[in-house]
Amino acid sequence: MQTRSSDLIGMDDYDEPVDRVDYQFGLTRRGFVQILGAGLLIAVADAPVLAQRRGRRGGGMGGARIRNVAARVHIGQDGSITVMTGKVEAGQGSRAELTQAAAEELRVAVDRIQLLMADTGLVPDDGITAGSGTTPRSVPAVRQGCAAARALLVQLAADRWHVEPGGLVVQDGKICKSGNGESFSYADLAGTDEGAKAFQQPLPASITLTPLSEWKVLGTGVARPDRTDLVTGRHRYPSDIIRPGMLHGKVLRAPSYAATLKSIDVAPARAIEGVVAVQDEGFVGFAAPSSFAAEKALEAASQTAVWETAAHPSSKTLFAYLREHARNLPKNPFTDDMARAAKSLRQTYNVSYIQHTPMEPRAAVAEWDGEHVTVWMSTQNPFGCQGEIARAFSLPTERVRVIVPDFGGGFGGKHSAEAGIEAARIAKAAGKPVALRWTRAEEFTWAYFRPAAVIDIEAAMSADNRLTCWHHVNINSGGNAMDAPYRIANNQARSQFVQSAPPLRHGSYRALASTANIFARESFMDELADAAGADPLQFRLDHLEEGRLRDVLTIAAEKFNWSERAKKKEPNLGVGLACGTEKGSFVAACVEVAVDAKGKIAVRHVTQTFECGAVMNPDGLLSQVQGAIIMGIGGALKEAMEFENGQITNASFYQYDVPRLSDVPKLDIHLVNRTDLPSAGAGETPIVAVAPAIANAVFRATGQRIRQMPIRLPTPSSARA
Amino acid sequence: MNQRISFFVNGQQQTVNTDADRPLLDVLREDLGLTGAKYGCGEGKCGACSVLMGDKRVFSCRTPMKIARNQQITTIEGISDGTKLHPVQQAFYDAEAYQCGYCTPGWIMATIALLKNKNQPTEDEIVSFLDGNLCRCCGYPRILNAVRQCAGLKGR
């Protein structure tokens, strides 16, 4: 058995770590006033809040156990259908997919569904939007609520007609009696007293979902329902929320990590017309009628600030630092076997800190009404942030309402509530709504990072080149996808994650540690194949059982024409492959790279096969896979946080390079639709194979094995300026 | 020091009382309520704030009001004809050339500027011009398809 060392921290928590900012402000109390969205008549808006109180708030991953159908579905008297979910849309396609889920079970076209997302005052807590959880957990939860609603409505119609419900047909939002053409619309039934009563009943224990063979909406390509608003600029992102009388906020930031504020004079800031200044312990914020004026206020006060700085490690010595501070670095339990083995190998791989850099930096608007606060903000974790804000102000959670308009990208980087808390603190002092929009430099410095990693792998092989033992240790970045999917004799395999003392605030990221662990393992597999004198594809196949991973690898290699291309020898061109599995889906990538005279690596071609069970929305899936591959090229070749003396020294898109249009390779993407298997999420796993495939290709192109992400070749002396 | 600055936005004259160093982006968003142009980096390196000044794309985050004075500015809000989308908007709509969509107005405005400058750009000209725009969802393949469509090039 392979094991994970998860004794240091709950693995659940480490899968989607949220490193909270510890704000604590004063106490206020008053009753919670529900302000419902326009046109909605939801009588049970408190139900989802109450229903969730017992469980882990906001940190959960799955579909909510809603109290009743009314918490999930509302049928308006005008026939409108509103479906409610705590999931967010950040570009990953959840709005289309969950709309499909509802439409499928309610037997209506997708344009009949209005999907109300991520408003803690109105929707059930479906957990954080992370960990590829929407497809396997929230889609079923929404389908159950909608299927239950349909069953209730059918029963109501049957009661009216005094017939058995089994004989009734549901189509296009109508329940029809066979034969005489009589029908009821959903609105006819839901608007009655019986309808209201039925929707308040607890959800039945068993609900039958529409089988895949009968899917009409799920499994088809559905575009994002609000795409007109995206191309016209009408959609209001959290950054775009405007409230009457709203001011614009700025927050004083320390000049370096671990610096503490000794003193500051906010009077010069207050002297600027319209400026409100807030000083509360170490927190200093400003609000003004424009962000320009707020910035001026911040600058004026900053000049008076006295800071005490502290030592902080440098990115130049990061990997040694992480190893040095590793807690309980485990010993390889197979050292005797390795000593006796025909061949053995040990390597270390390093992975840099990188950042999500979503297009929309953190943004929030906070508005107080007495002792209630409403915060519009960009977060993947609406209920978690509701809790964070409530804690910061010592409020009962009912007095905090978090509304998350569809926002500008997350990638695991928006689990925390900093901007919402800061906006609320300034708004409280200003007595007016306050918008706080982080600058790019703030996002680069004060948001969190994908953890850096130091990974040691050791393995041994028999004389016939079969793996006989395997030991994988991840320092600092996490245990995702750490267990080798390969056959190892007598299961002599251990993989262990140990924490270190991370110099930067770290947290989740698309696929989190799987990228690091798979980069290390798949690079190492190529090194082992070399030691065995074997082709990298064949070496992997020799160690893979029949099954889904082997299938995607085989398909990718065929589509790429691996066997031919791997034989070709062209100067400065190389091919490489890699595969992996995480979160229940499977991926394999083959790439071709070109290396120029200066050692610059360009990815020219990627063939990737991806399989995540039954495909819910092929259009959305393709977007996710394309995006993940290209984003993966960033982490593979370009991105690394640099820091020195507690400062990020490349906190700008001028210094921190991310993939652009000119970096996009030829892409051949093959999506395998396994309609016989349950659907897994697809937002993360398609990112994991690209980096090791590139490293393996670079080795074939240059003979240089780069055991670090980003993969950078040493500049050849001839090319140095 | 505030001053009255007049300029034209989507064909309408606007006069604002503002510091002349304030970025055009802030005035559009905070004073005029036109939030289609987005803040992405504040240094002209991501293109999310792209608007037209005359026929040229400018990064409105790096365009102070003293430069915008008396200029014709076109934003994403000003390009459709009622409910009829501008052809570039339509192409982005059809190609589903967005993921989170935050960068989409910037790409559309940049594409319009590209096509005003050159009716039928080549693939290389498209990539070279639009390399100033970022999409962190990395939805580049669909974006490129939309732009190819507008440029009369075949999608791939």
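**Close-up views of a predicted two-chain model**

**View 1. The loop of chain A that holds Glu281(A).** Glu281(A) is found in the loop that runs between strand S9 (276–280) and strand S10 (283–288) of chain A. The model shown here and in the views below is predicted. Although Glu281(A) is not a glycine, its phi is positive, at about 55°. Glu281(A) counts as exposed because it has 9 C-beta neighbours inside 10 Å, and the limit for an exposed residue is 12 or fewer.

**View 2. Arg107(A), a second residue with positive phi.** Arg107(A) belongs to the loop between helix H3 (94–106) and strand S3 (113–117) of chain A. The phi of this residue, which is not a glycine, is positive and near 60°. Is Arg107(A) buried or exposed? Arg107(A) is buried, because 21 other C-beta atoms lie within 10 Å, and burial requires 20 or more.

View 3. Strand S20 (residues 573–582) of chain A pairs with strand S21 (residues 585–595) of chain A in the antiparallel sense. The pairing extends over 10 bridges, and in one of them Gly580(A) has Val587(A) of S21(A) as its partner. Between the two strands of the hairpin there are 2 residues. Lys583(A), in this hairpin, adopts a positive phi near 50°. Of the 10 residues of S20(A), 9 are buried, so this strand is largely enclosed by the rest of the structure.

View 4. S4(A) is joined by 3 bridges to strand S5 (residues 174–176) of chain A, and the two run antiparallel. Gln171(A) stands opposite Lys174(A), a residue of S5(A).

**View 5. The cis peptide bond at Pro710(A).** Met709(A) is linked to Pro710(A) by a cis peptide bond, with omega near 0°. Pro710(A) is located in the segment after strand S26 (708–709) of chain A.

**View 6. The contact between chain A and chain B.** Chain A and chain B contribute 45 residues each to the contact. On the side of chain A that touches chain B, helix H7 (227–232), helix H9 (291–302) and helix H19 (618–638) of chain A each supply at least two residues. H19(A) provides the largest share of that side, 6 residues. By class, the residues of this side of chain A comprise 19 nonpolar, 18 polar and 8 charged.

**View 7. The two domains of chain B.** Chain B is divided into domain 1 (2–77) and domain 2 (87–150), and the C-alpha centres of these domains lie 21 Å apart. Their contact takes 15 residues from domain 1 of chain B and 13 residues from domain 2 of chain B. Strand S3 (50–53) and strand S4 (56–59) of chain B each supply at least two residues of the side of domain 1 that touches domain 2. The largest share of that side, 3 residues, comes from S3(B).

Technical notes. Residues numbered from 1 in each chain as written. Chains lettered and ligands numbered in written order. Predicted model: local features only at pLDDT ≥ 70, side-chain atom pairs only at ≥ 80, totals over all residues. Contact = placed C-beta atoms within 7 Å. Helix = DSSP H or I, 4+ residues; strand = E, 2+ residues; numbered from the N terminus. Nonpolar A, V, L, I, M, F, W, Y, C, P; charged D, E, K, R; others polar. Domains from an automatic or database assignment. Pairing = 2+ DSSP bridges.
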